[in-house]
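Let's take a walk through this two-chain model, one packing arrangement at a time. Have the structure open beside you as you read.

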Amino acid sequence: MTKPGTISVTKPVSEELPREKFDELEKFIDSMETTKGVLIEILHKAQDIFGYLPRDVQLYIARKLGIPGAEVFGVVSFYSYFTTKPRGKHTISVCMGTACFVRGADKIIEKLKEKLGIESNEITEDGLFTLKDVRCIGACGLAPVVMVGDKVYGRVKEEELDEIINTYKNQEVTL
Amino acid sequence: MTRKRTNIMVCGGTACLASDSEKVVRNLNLILKARGYDKEVEVIKTGCFGFCEQGPIVKIEPDNVFYVRVAPKDAKEIVDEHIVKGRKVERLLYEEPEKKEKIDKHENIPFYKKQLRIALRNCGLINPEDIYEYIALGGYEALGKVLTSMTPSEVIDTVKRSGLRGRGGGGFPTGLKWEITSKQESDVKFIICNADEGDPGAFMDRSILEGDPHSVLEAMAIGGYAIGADKGIIYIRAEYPLAIKRLNVALQQARDMGLLGKNIFDTDFSFDIDIKYGAGAFVCGEETALINSCEGKRGEPNYKPPYPAQEGYWGHPTCVNNVETFANIPPIIKRGADWFASIGTEKSKGTKVFALAGKVNNVGLVEVPMGTTLREIIYDVGGGIQGGRKFKAVQTGGPSGGVITEQHLDTPIDYDSLTSIGSMMGSGGMIVMDETDNMVDIAKFYLEFTQDESCGRCTPCRIGTRRMYEILNKITSGKGTMADIDALKQLAYMIKDSSLCGLGQTAPNPVISTMKYFWDEYMDYIKDVDHPAGKGKYTAKNKDDAFLKS
């Protein structure tokens, strides 16, 4: 393993991936004592900075660490937390834990797909919403649970979905 | 505990936070201030009380009054009535659903009556972000006792005699695991806390970390001393932001007080803990996969042997224990192995935390002695089935376990009894299902989960679970035949026998057990030529024959 500071790598800057964000990531990697076993940590940070992990960011990390790009992609694609697609402004997460499932979460997510016109892990055309099915978020007492960003909606009924979606749509209009 | 006249304890667990307990805290503080009571009354945000169904929960000490479903707007009434005038707010007390009685003391609520809290002892009692509260309740005493008066082998012996078994699901004796790791000759050893709670529907580990993080840190230091490790790692899911935050606060406080770091309690023992984040992979609950993930790699399991105790993190001997296992260690050291061994059944000692969820009245976190029957948990603690419907089955052990039906409700539960009735303890998820649930759908739900979470390293699991899921889909869409049922069965046993790790070996369990107990529900889907009505038993025919017909 090579010390991060010793490798200089060109930053694949583009409109979506501005230089400042790469600088921030570079600073984070350079500040690490060792690059041994820290790939997941770096990917977490990169996803924090960029919002997602596009190919260019993965390759940048690979070159920076002196490891094959395939190794980085292997890790990115393995873990469900990492995403290679940009996310909408609001992420709607539907808990698909067992407790929520037996209380009807499967119907909730189907309804949401229908209403938003997307499948899970996709982004709506207006870039407003991403739909995600997540594993248990641990609020089983409130099952079924839908999360929009950090806000948790408990004991959600199908009839309430329009209202939830509209809350966020209306926010856009007033802004 | 602070020297105030009254403490108002507000649950700060994830479920209660989701129903606005943060605002309850804020409103209480504002109103207390406005009424001039903020000097004598303190509002404390604690860990999970466990009674999530009735959240947010507010408990007032020392009056010992337990309020449920408190909304932010109720703060005014609590302060004006209870704190100022000393009258209970009847409206917010827990109402016993059958007798319609209001109950004010939490120990009289049926939900808490049969519980015995060891691992969850401090949850809901202390402010998890204040190390002094943990110490005030005897925290870090066990670590002090271990470091100043016990040898590592005495510690291991105590844990062995207590009969504590791994609470993550496997049930391997913890003391034995420590002993094996301690006997390895190596300068560098690691102790890892597995906080990658992947079972959908289980949230006990997160509640412990959110409600009592220091108990885990203390236990890890004890474990480190016992096996000869000076470095601990907590592997936690990135999806648990609150638990991560509280762990970080706890770590910093422990370091500042010299309870972690160099020369703890002025002894030669040094120990520190790092946090590593998972990124959402169920298989990382398996210890070799977890270690790979800690090393920044794909979380795929390895062949065993070598076991992690021999070659683990970066090739060094490593001991991996679960959060709940660790939470049991300090009480065992403090109160002795015999005390712990006196609780529970012959082969499973102590208590177990279950995340009771699904169609049960009192969803929440319960801790009961081993040997409690399922009926007691579901009906006495859980308050029976929602909406007065009929009980159908309970799934324990999550995607690795199986269903348990009415006929086994009186089985005293421990590791071995659950295995013998076709399920398993697992990490402690307990999902109750009522008569309206279709068991084939439940099996399909679990298979969808496992085939998605299969890491892909070994073929039986990668392809087999996928095929099983496809067959189940075919069956539930009404196109299935008896040949499909046959293939499903065969696949199930093949995957069980030939998968590399626990995930694959147990993945078919939901199918096997639902087939065993709810065969008719499978048959209802089959519109085979031989079984036009969809009913009737399949007599073992020539398999080729069945294939030709499908």
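Angles under 35 degrees count as roughly parallel, over 145 as roughly antiparallel, 65 to 115 as roughly perpendicular and the rest as oblique. This is a predicted model, where local features need pLDDT of at least 70, side-chain atom pairs count only at pLDDT 80 or more, and totals for chains, interfaces and linings use all residues. Residues are numbered from 1 along each chain as its sequence is written, with chains lettered from A and ligands numbered from 1 in the order in which they are written.

Axes are lines fitted to C-alpha atoms, for helices over the stretch in contact, and angles run from 0 to 180 degrees between N-to-C directions. Helices (H or I, at least four residues) and strands (E, at least two) are DSSP runs, numbered from the N terminus.

| Helix pair | Angle | Axes apart |
|---|---|---|
| α1(A), residues 19-30, and α2(A), residues 39-50 | about 155 degrees | 10 Å |
| α18(B), residues 459-476, and α19(B), residues 482-498 | about 155 degrees | 10 Å |

In chain A, that angle makes α1(A) roughly antiparallel to α2(A). The α1(A) side of the contact (C-beta atoms, placed from the backbone, within 7 Å) includes A:Leu25, A:Phe28 and A:Ile29, and the α2(A) side includes A:Ile42, A:Ala46 and A:Phe50. Sorted by class, this contact has 7 nonpolar, no polar and 3 charged residues. Here Ala, Val, Leu, Ile, Met, Phe, Trp, Tyr, Cys and Pro count as nonpolar, Asp, Glu, Lys and Arg as charged, and the others, Gly among them, as polar.

Over in chain B, α18(B) and α19(B) are likewise roughly antiparallel to each other. Among the residues that meet are B:Gly464, B:Met468 and B:Ile471 in α18(B) and B:Leu488, B:Leu491 and B:Ile495 in α19(B).

Two strands pair if DSSP finds at least two bridges between them. β7(B) (residues 190-195) and β10(B) run parallel, joined by 5 bridges, and B:Asn194 stands opposite B:Asn322 in β10(B).

A residue is buried if 20 or more other C-beta atoms, placed from the backbone, lie within 10 Å of its own, exposed if 12 or fewer, and partly exposed in between. The buried residues of α4(A) are A:Val72, A:Val75, A:Val76 and A:Phe78, and their cover includes α2 and α3 (55-65) of chain A.

How do the chains meet? The contact takes 29 residues from chain A and 34 residues from chain B. On the chain A side, α2, α4 (69-78) and α5 (98-102) each supply at least two residues. That side divides into 18 nonpolar, 9 polar and 2 charged residues.

Note on methods. Two residues are in contact if their C-beta atoms, placed from the backbone, lie within 7 Å.
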